[in-house]
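Please walk through this structure with me, one group of contacts at a time, keeping the sequence at hand.

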Amino acid sequence: MMTSSWPKIILFGDSITQFSFGEGGWGAFIADKLQRKCDIVNRGFSGYNSTLGKVALLKVIPKTAIPAITMVTILFGTNDATLDSSNAKYVSSDDFCLNIKAMIDYLQEGGLEASKIVLITPPPIYGEGWKKHCQTTYGVAQNRTNANTGLYAKACCTVAKDLGIEVLDIYTIMQQEPKWERYLLDGLHLSPDGNQFLGEQLWKMLEPKTRDMPMQLPDWKDVDPNNPEEALLK
């Protein structure tokens with residue numbers, strides 16, 4: 001839960017977000033770009049779909065904490081897009097849209113402007129890589145396909161357009177790159193190159209929104225060592 005008034009950008013989503021603070025992760029990339037300007041808070045939850053995310057958001061970002069938030073990114077869909085409708089992770093594309101819309105409505109009801117919300121589509125799926133991972137790691141058949149995940153990416157873009165929210169269509173942009181499968185570690189989760197790619201694409205959207213943010217606390221040379229309280233606590 002968020003309680004401090006220090007400026008924050010919340011990264012909210014599933015494992016693609018949770019793992020983004022690993023070495024070379026896209027969340028760490030954004031945190032490095034915004035050193036000392038604001039906190040980058042990772043609120044990714046591996047295995048979560050948009051239905052769980054919609055409920056978890058109430059605890060992750062209480063409405064009382066929204067005034068201190070600079071921006072929120074939302075990235076769900078990879079788990080929702082599982083092929084087996086009996087799987088607990090499965091969420092239909094129609095319900096996925098409703099869930100994403102509910103998250104945005106909640107944030108806006110709390111006072112967060114549309115310009116401070118960025119939707120990120122699920123990344124593409126490299127079928128051969130994910131099929132192999134499913135078989136060798138879990139002993140199960142391939143449970144996601146690129147085509148089906150694309151339906152959720154498209155749904156995410158539709159919600160963004162309908163609500164006037166910016167969207168990073170990483171599903172489409174990534175596949176425009178040569179040998180895009182290198183961006184996926186196991187066919188689904190991001191590789192180091194994939195993390196770098198997502199981070200760079202997201203930064204293009206965040207940089208104009210954050211360039212005028214002030215540095216937190218004065219430069220050390222501007223602090224009187226005999227009276228630091230004057231500069232640091234005012």
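F12, F45, Y48 and F76 form one aromatic cluster, where rings of Phe, Tyr and Trp (its six-membered ring) pair if their centres lie within 6.5 Å, and planes under 30 degrees apart count as stacked, over 60 as edge-to-face and the rest as tilted. The model is a predicted one, in which local features need pLDDT of at least 70 and side-chain atom pairs count only at pLDDT 80 or more, while totals for chains, interfaces and linings use all residues. Residues are numbered from 1 along each chain as its sequence is written, and side-chain values use heavy atoms, with hydrogens and water left out.

A search of the whole structure finds six aromatic pairs. In the pair of Y126 and W180, the ring centres are 6.3 Å apart and the planes stand at 85°, so the pair is edge-to-face. This pair links distant parts of the chain, 54 residues apart, since Y126 sits in the loop between β4 (117–120) and α5 (127–138) and W180 in the loop between α7 (170–175) and α8; helices (H or I, at least four residues) and strands (E, at least two) are DSSP runs, numbered from the N terminus. Y126 counts as partly exposed at 32% relative accessibility, whereas W180 is buried, with a relative accessible area of 16%; buried means under 20% relative accessible area, exposed over 50%, and partly exposed in between (1.4 Å probe, protein chains only).

Y183 and F197 form a stacked aromatic pair, with 4.7 Å from centre to centre and 20° between the planes. Because Y183 lies in the loop between α7 and α8 and F197 in helix α8, this pair ties together parts that are 14 residues apart in sequence. Both Y183 and F197 are buried.

K154 and P122 are 32 residues apart in sequence and 9.6 Å apart in space, C-alpha to C-alpha.

Helix packing comes next. Helix α2 (residues 26–33) and helix α8 (residues 192–210) pack at an angle of about 40°, with their axes 8 Å apart; axes are lines fitted to C-alpha atoms, for helices over the stretch in contact, and angles run from 0 to 180 degrees between N-to-C directions. That angle makes α2 oblique to α8, given that angles under 35 degrees count as roughly parallel, over 145 as roughly antiparallel, 65 to 115 as roughly perpendicular and the rest as oblique. On the α2 side the contact is made by W26, F29, I30 and K33, and on the α8 side by residues including L198, L202, W203 and L206.

Helix α3 (residues 50–60) and helix α4 (residues 93–109) pack at an angle of about 15°, with their axes 9 Å apart, which makes α3 roughly parallel to α4. The contact is made by S50, T51, G53, K54, L57 and L58 of α3, together with F96, N99, I100, A102, M103, Y106 and L107 of α4.

Terms used
Contact means heavy atoms within 4.5 Å.
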